Amino acid sequence: MEYQVSDYKKGQPRWCPGCGDHFFLASLHKAMAEVGVAPHEMAVISGIGCSSRLPYYVNTYAMQTIHGRAAAIATGAKVTNPNLTVWQVSGDGDGLAIGGNHFIHAMRRNIDINMILLNNRIYGLTKGQYSPTSPRGFVSKSSPYGTVEDPFRPAELCFGARGHFFARSVANDGAHTVEMLKAAYKHKGAAVCEILQNCVIFNDGCYNPVYTKAGRKQNAIYVEHGKPLVFGENDEYGLMQDGFGLKVVKIGENGVTLDDILVHDAHCEDNTLQLKLAMMDNEHGFPIALGVIRDVEAPTYNDAVHEQIQQVSEQKKYHNFAELLETNDTWEVA
């Protein structure tokens with residue numbers, strides 16, 4: 001059966017006008033339709049926060065859970081319903097603060113769920129406190145003189161937890177976000193998609209360098225497996241390896257040709273260069289990497305659990321409670 005975007009829509013979204021959640025929701029609806037999984041074979045699970053209202057606006061199985069526990073609930077849903085497609089949606093506060101432990105262990109176990117991290121570097125629902133991804137020195141209601149902490153960088157956390165899939169997109173870059181969501185769905189295992197989005201009320205402009213098409217041309221690089229790592233208005237810049245790091249070069253200058261430019265390998269098990277790509281930022285003279293940065297196959301926890309159950313069951317003399325009772329000595333009481 002062919003599904004339409006309308007088949008996945010539900011309710012009237014209640015977010016601030018211009019919020020990145022509106023953009024992302026539209027992309028999720030479209031990705032769901034293009035993936036073609038029936039609404040009753042999907043579940044969207046969230047925690048607490050502005051973005052965590054999203055389950056109310058999808059016509060699938062859905063559940064808004066408690067703060068930071070979305071990954072735990074999503075894990076249980078997937079393990080007990082292995083044929084269910086599970087989308088877990090969290091903000092940077094919900095997913096990386098109180099939910100940080102569940103985030104890293106879901107990746108370590110490689111649960112086959114799609115983990116969406118909507119990162120606006122702020123707590124929006126509770127009115128503007130700094131979050132685990134807010135930069136050092138960030139002034140907010142809970143840090144009026146600036147934070148004295150260094151932030152989590154989601155990619156670094158994902159890679160450190162032995163994550164096998166990491167992608168990044170900008171919320172208002174709809175077509176690209178749809179492709180990232182579809183790639184996450186196709187990946188068998190824990191798939192993390194970091195979505196960069198402005199909070200128009202409490203942290204507007206935090207991603208301004210890449211929040212327009214023109215800005216992305218200058219300040220971002222779209223990475224694609226098997227393609228050269230080039231960027232710029234006319235793809236005139238590229239990335240080359242520089243010792244253990246990367247450097248930006250201009251093609252055609254100092255003898256640099258397209259053949260000298262690195263080719264992206266998202267499937268390489270050694271994540272050294274993938275992590276270098278994921279950690280680039282404008283402040284250090286690099287473009288921000290958008291796209292599927294890492295996509296490596298590995299055994300999943302949910303498959304391993306069911307395989308283990310099957311193996312153990314085959315070795316047992318009993319397969320249900322009634323048979324269990326009959327395996328031992330029995331007595332008849334007159």
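Two strands are taken to pair if DSSP finds at least two bridges between them, and strands (E, at least two residues) and helices (H or I, at least four residues) are DSSP runs, numbered from the N terminus. In that sense, Ser 46 stands opposite Val 89 in E3, and the two strands concerned, E1 (residues 42-46) and E3 (residues 85-91), pair in the parallel sense over five bridges. This is a predicted model, in which local features need pLDDT of at least 70 and side-chain atom pairs count only at pLDDT 80 or more, while totals for chains, interfaces and linings use all residues. Residues are numbered from 1 along each chain as its sequence is written, and side-chain values use heavy atoms, with hydrogens and water left out.

**The eight-stranded sheet**

- Eight strands form an open sheet with mixed pairing, in the order E2-E1-E3-E4-E6-E5-E11-E7.
- The edges of this sheet are strand E2 (61-64) and strand E7 (220-223), each of which pairs on one side only, and from one strand to the next the twist averages 20°.
- Strands of a sheet pair through backbone hydrogen bonds, either parallel or antiparallel.

- Strand E1 is mostly covered, since five of its five residues are buried, where buried means under 20% relative accessible area, exposed over 50%, and partly exposed in between (1.4 Å probe, protein chains only).
- In a regular strand the side chains alternate between the two faces of the sheet.
- In E1, Met 42, Val 44 and Ser 46 point one way and Ala 43 and Ile 45 the other way, and all are buried.
- Helix H2 (residues 70-80) has among its buried residues Ala 70, Ala 74 and Val 79, and what covers the buried residues of H2 includes E1, E3, helix H3 (92-98), helix H4 (100-109), E4 and helix H9 (301-315).
- Gly 91 has its place in strand E3 and counts as buried because its relative accessibility is 10%.
- Leaving aside neighbours within four places in sequence, Gly 91 is in contact (heavy atoms within 4.5 Å) with Ser 51, Leu 96, Leu 117 and Leu 118.
- Gly 91 and Ser 140 are 49 residues apart in sequence and, from C-alpha to C-alpha, 17 Å apart in space.

**The three-stranded sheet**

- Strands E8, E9 and E10 form an open sheet in the order E8-E9-E10, with antiparallel pairing, and its edge strands are E8 (230-231) and E10 (245-250), each pairing on one side only.
- Strand E9 (residues 237-242) is joined to E10 by six bridges, the two running antiparallel, and the bridge partner of Gln 241 in E10 is Leu 246.

**Two arginines with positive phi**

- Most residues other than glycine have a negative phi, and most peptide bonds are trans.
- Arg 121, in the loop between E4 and H5, has a positive phi near 60°, and this residue is partly exposed because its relative accessible area is 27%.
- Arg 162, in the loop between H5 and E5, has a positive phi near 65°, and this residue counts as exposed because its relative accessibility is 66%.

**The largest pocket**

- A pocket is an open set of points on a 1 Å grid over the protein atoms alone, where a 1.4 Å probe fits, with protein on both sides within 12 Å along at least five of seven lines, and its lining residues have an atom within 4 Å of a point.
- About 710 Å³ of space lies in the largest pocket, a volume being the space filled by probe spheres set on the points, which are joined across faces, edges and corners.
- The largest pocket is lined by 28 residues, of which Arg 121, Arg 153, Met 280, Asp 281 and Glu 283 are the closest to its centre.
- Helix H5 (154-160) and strand E6 (191-196) each supply at least two residues of this lining, and H5 gives the most, with three residues.
- The lining divides into 14 nonpolar, five polar and nine charged residues, where Ala, Val, Leu, Ile, Met, Phe, Trp, Tyr, Cys and Pro count as nonpolar, Asp, Glu, Lys and Arg as charged, and the others, Gly among them, as polar.

Methods:
Axes fitted to C-alpha atoms, helices over the stretch in contact; angles between N-to-C directions.
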